[in-house]
Amino acid sequence: MITIPYLTALTTLFSYGLLFAFGQIRDLFRKLFDWSSSKNLQGYAPICLGLEDFYIRRLYLRIQDCFGRPIASPPDAWIDVVERYSNDNNKTLLRTAKTSKCLNLGSYNYLGFAAADEYCTPRVIEALRRFSPSTCGARVDGGTTVLHTELEELVAKFVGKPAAVVLGMGYVTNSAIIPALIGKGGLIISDSLNHNSIINGARGSGATVRVFQHNMPSHLEEVLREQIAEGQPRTHRPWKKIIVLVEGIYSMEGELCKLPEITAVCKKYKAYTYLDEAHSIGAIGKTGRGVCEQLGVDTADVDIMMGTFTKSFGSCGGYIAGSKELIQYLKYSCPAHLYATSMSPPAVQQVISAVKVVLGEDGSNRGAQKLARIRENSNFFRSELQKMGFEVLGDNDSPIMPIMLYNPAKIPAFSRECLRQNVAVVMAAFPATPLLLARARICISASHTREDLVKGLEVISRVGDLIGIKYFPVEHQKHQDAGRKKLE
Amino acid sequence: MTNSTLDWLELAFDAPLARAVVFGVHIGGHLVVEVLLVAVIIFLLFQKSYKPPKRPLTEKEIDELCEEWVPESLHPPITEKMQYETPILESAAGPHTVIDGKEVVNFASANYLGLVGHDKLIESCTTALEKYGVGSCGPRSFYGTIDAHLDCETRIAKFLGTPDSILYSYGISTIFSVIPAFCKKGDVVIADKGVHWGIQNGLYLSRSSVFYFEHNDMQSLQNILEKVTRENKRAKKLRRYIVVEAVYQNSGQIAPLDVIIRLKEKYRFRVVLDESNSFGVLGSSGRGLSEHFGVPIEKIDIITAAMGHALATDGGFCTGSVRVVDHQRLSSSGYVFSAALPPYLASSAITAIDVLEEHPSLLTKLQENVALLWKGLSDVPGLSVISNPLSPIVFLKLKKPAGSFEKDLRLLEDIVNHVLKEDCVLLASSKRSTLDKCSLPAGIRMFVSAGHSDSDLLKASEALKRAATYVLLNHN
């Protein structure tokens, strides 16, 4: 867990308080102006209530240019960021025709498949010519092509489970599968920092949802014991089943899940484990097989493994892998499989080719090179950042590294200054993170070369000095003092 | 004897306070007794009531309970009906496709304008693939916004005549992200009973109070509007919506938009319209239901559509006033927390709209095809067509329902399989998920395309006639 230094917490709260106060004063003036001018709603309630978008109108709009920056090139290691300008104080942003080439430290491109690839793209274009961009039908009604069945077998083989089913979007995979597995009378225990799609799926299922503290197997055990002993709320009947939802890598913290302990606890208490490997499949593990390979967990211990193809394989879509009967049942009952348009065939071919490259079945060792490179890059970048004195989160080997900023004014400062020096970074603030813990998030890719990373480090170090986010300069000082003593 | 004791007691009581006079009131001994009684009553009132002592479970007892507990299996046992084989296509899902090496006439893809396999689309996709690769590698706010997305949004808005639009990366997630962004707990939503699962899920996630009216029945809608407006008088902060589909996926009916707009203006509701199956189909230039009924598009508050139907690409969009679209960019979960649409699909959508604008004859061809199919299907034994004559989804249901949804579906699937095996025509039966709460009858769905030729339609109707006779005869 992140412990925020005392002084920083005070200054951050003060900044937010000031922004809040200003926002309220401006709202007051707005109300006065609107009172005098007539409104033409005529008996309808406003479509967006004032309280809901207070944060958006008064805080977010000031720094809107740091988010949603359009690019005019593929999301590779270097991107062309389109410049935007605003005439009305950031309320609307207009595109210009100018672009600036920046180092991309923000896209999820872990294995470097984002741009046109020499093995994948010709095959994708062939699939496009054969099957056209869409099948216009649900999987059960003429939307299944030979590519889909091939991909499902390949995914099952890659992940290490008997069977898999593929859906067109990662978000929908979670939202539509969890309700099919559990309903009213069941219990879902999910990690407190789970992704929004998992929370939506859990809510949509109708089961009771309980939360355990982030990545603490001991607290999970406590919650399990208490819940099994008590039973369903009010009736105290025993629960029908219990599913525990965890993620492989948490995208805002960059840390790996403590999978061996969690699966041990789940096995002991007969709960089912659901692992969401959206960020970890393809990026972690010696052969890219995800968090199970990295931490040495047998895939048979995890009941349902879910993942997406957006991050490491440069495509779109999600999959679920499990036992043969489970997949058959999901194909029969999951609404996303029965009603939603099936995954676009060129995207399917991209995943097939990318997995073949990673497994080395394309005849070269590019896959192994990519996997080694992303591990090297992540470890190098993280250790350098830590040496410079930044507060970096995340475990070793994880390609995601958030740098803590805390103060709301530092968010636009860091983002704009880095952009001026041609480095594109991503900011994460409320509501994606807790209010006081704003951060900049770096995503490393296998297509970054050593020079790119060194340039990125230089720029970040300079900007960090300017803004004052090097919260831990202790090691550096100690080494300097020790060096000076040795000289004397 | 008693009198004297009483006198003696009185003396004893009065003695201490014999000369006490407070505020002109002579205090007697009985006041002392009364004060004591009041004190006792107050003391008793403040005592805690008797509760049986709580005994929390010991660790050993919890261990035993955990040992005893047996969970259900993760999925119910696999029955035979769960093991159906889906047809696997070996070529593009156009009007003709290849299954198992045989060429088959395809009525199961919602390819209304016949744009699957169109040269211009494939060309624009190829350029986009070579330029951008396949995926967009990030959500819209983190460098996932590629200029192809922004161009697509402006193109759609220009085509429909609205100020702005917003793109989603998957068709079904459009509606179940839009509804929770605008309907919160406490709001009132009135929806049709026959809406598809995406809308039902969106309504469930929004936690608002939902009322359903009978499928496509305007009288029922008016009754519910009347009832709801009468009950909820405090309408200042309440938002009220009517959710309908333009062409219903579960029955092929078309919602009468002019009546709905009249009702909405009378009762002050907002309309959310799902135009997935009518965008690019209805109206003289394909602009959808509003053009078909001659309603100005500003009167509909929120329009959503999935692009996996007429536009032959993937993804979805939502359009409306500037406020509506801007609000979704930060509060719609399927937009904020999910990766963006692959850029080649966005450029394919732009090309599809261009093709539609240049060739409005596709729309007339589609209408002719639907009319021809209706004529051919008018005398199929055992099945009747219940969809609207203008809808591109031709929906047939059993004349004599077999009793339950499963039995109906079994019969229809037999018919569909027979038609595929014997006559090489691919149809779709309306399978339903276990999570779907819709209660409309099962049926066979035929998606008519502008790319079907007259002979295709004739073949399909003949094949269906033969299969229906065969199967229903065997069943009886």
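**Notes on the predicted two-chain model**

1. Starting with the strands: S3(A) and strand S9 (residues 318-322) of chain A run antiparallel to each other, paired over five bridges. One of the residue pairs to look up is Ala163(A), whose bridge partner in S9(A) is Gly322(A). Keep in mind that this is a predicted model.

2. That pairing belongs to an open sheet of seven strands in chain A, ordered S3-S9-S8-S7-S6-S4-S5, with mixed pairing. At the edges sit strand S3 (163-167) and strand S5 (208-212) of chain A, each of which pairs on one side only. From one strand to the next, the twist averages 20°.

3. Now for a helix pair across the two chains. Helix H8 (residues 217-230) of chain A and helix H3 (residues 59-68) of chain B have axes that come within 9 Å and cross at roughly 75°. An angle of 65 to 115 degrees counts as roughly perpendicular, so that is how H8(A) and H3(B) lie relative to each other. On the H8(A) side the contact uses Arg225(A), Ile228(A) and Ala229(A), while H3(B) brings Glu59(B), Ile62(B), Asp63(B), Leu65(B) and Cys66(B). Sorted by class, the contact of H8(A) with H3(B) has five nonpolar residues, three charged ones and no polar ones.

4. The largest cavity holds about 320 Å³. It is lined by 28 residues, and those closest to its centre are Tyr339(A), Ala340(A), Thr341(A), Gln249(B) and His309(B).

5. Which elements supply at least two residues each to the lining of the largest cavity? From chain A it is helix H12 (335-339); from chain B, helix H7 (171-182), helix H8 (197-206), strand S10 (302-306) and strand S16 (444-447). H7(B) gives the most, with four residues. The lining splits into 13 nonpolar, twelve polar and three charged residues.

6. If you're looking at open sites, the second largest pocket has a volume of about 970 Å³. There are 36 residues in its lining, with Tyr84(B), Glu85(B), Glu413(B), Asn417(B) and Lys431(B) closest to the centre. By class, the lining of this second largest pocket comes to 15 nonpolar, seven polar and 14 charged residues.

7. Both chains have a hand in that second largest pocket: helix H4 (139-143) of chain A supplies at least two lining residues, as do strand S4 (102-106), helix H16 (405-423) and strand S15 (428-429) of chain B. H16(B) has the largest share of the lining, at ten residues.

Technical notes. Residues numbered from 1 in each chain as written. Chains lettered and ligands numbered in written order. Predicted model: local features only at pLDDT ≥ 70, side-chain atom pairs only at ≥ 80, totals over all residues. Heavy atoms only, no water. Axes fitted to C-alpha atoms, helices over the stretch in contact; angles between N-to-C directions. Parallel < 35°, antiparallel > 145°, perpendicular 65-115°, else oblique. Contact = heavy atoms within 4.5 Å. Nonpolar A, V, L, I, M, F, W, Y, C, P; charged D, E, K, R; others polar. 1 Å grid on protein atoms, 1.4 Å probe; cavity = no way out; pocket = protein on both sides within 12 Å on 5 of 7 lines; lining within 4 Å. Points joined across faces, edges and corners; volume = space filled by probe spheres on them. Pairing = 2+ DSSP bridges.
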